Amino acid sequence: MEGSSAECPSYKLYYHFGEFAGRGEPVRMLLHLTGTVWEDSCCEKQVCRPAAVKQQLVESREVKGQPLLFPPTLVDHTVSPPIAITQLPCIMQYLGEKHGLAGNSLQDRTRALQITMTWNDLLAEAMNVFHPVNWHDSYQSQKTE
């Protein structure tokens with residue numbers, strides 16, 4: 001958990017644990033910039049598969065009745081009831097605006113969105129490089145192709 005261990009986390013990030021940080025990494029960076037206390041729940045428990053991440057979130061009962069899509073999922077505990085935000089651009093926009101990091105003008109907010117979309121493009125290209133045949137198979141099994 002980032003920040004003091006005596007504090008309850010303001011946010012919990014649910015994204016699978018592993019060597020490739022993927023879509024969780026820009027969220028982790030932005031959470032760090034906010035200076036808030038947050039928990040990287042799947043890294044702490046080393047949850048590895050996206051389906052297991054979703055199951056962990058469902059079993060936590062933190063956000064009953066809300067749609068839970070593919071990770072990353074950010075749970076905001078600063079509001080009541082806590083809310084779940086999914087999809088990288090939505091999480092980045094939410095955190096940026098909530099913590100005054102998205103800018104005050106249309107131009108600044110557009111630049112912040114541009115940075116997020118660049119992350120999405122970068123991650124998509126990385127997936128194509130490391131999983132050229134099948135996204136579900138390991139890189140090692142596809143190296144020779």
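Mentor: Start with burial. This is a predicted model, and buried residues make up 36% of the 145 residues in the protein chain.

Trainee: What makes a residue count as buried?

Mentor: Its relative accessible area is under 20%. In helix α4, residues 88-98, that label goes to L88, I91, M92, L95 and G96.

Trainee: How do you know that these residues are on the same side of α4?

Mentor: Take the directions from the helix axis to the C-beta atoms. They cover an arc of only 125 degrees around the axis, so these residues lie on the same side of α4. In general, residues three or four places apart in an α-helix point the same way, because there are 3.6 residues a turn.

Trainee: What makes a group of residues a nonpolar core?

Mentor: Its members are buried, of nonpolar types such as Leu, Ile and Tyr, and joined through side-chain atoms within 4.5 Å. The largest such core here has 13 residues. Y11, L13, V27, L31, L74, I91 and L95 touch the most other members.

Trainee: Which element gives the most to this core?

Mentor: Helix α4, with 4 residues. β1 (11-14) and α1 (24-34) each supply at least two.

Trainee: What comes just after α4?

Mentor: G100, with a positive phi of about 65 degrees.

Notes: Residues are numbered from 1 along each chain as its sequence is written. This is a predicted model: local features need pLDDT of at least 70, side-chain atom pairs count only at pLDDT 80 or more; totals for chains, interfaces and linings use all residues. Side-chain values use heavy atoms; hydrogens and water are left out. Buried means under 20% relative accessible area, exposed over 50%, partly exposed in between (1.4 Å probe, protein chains only).
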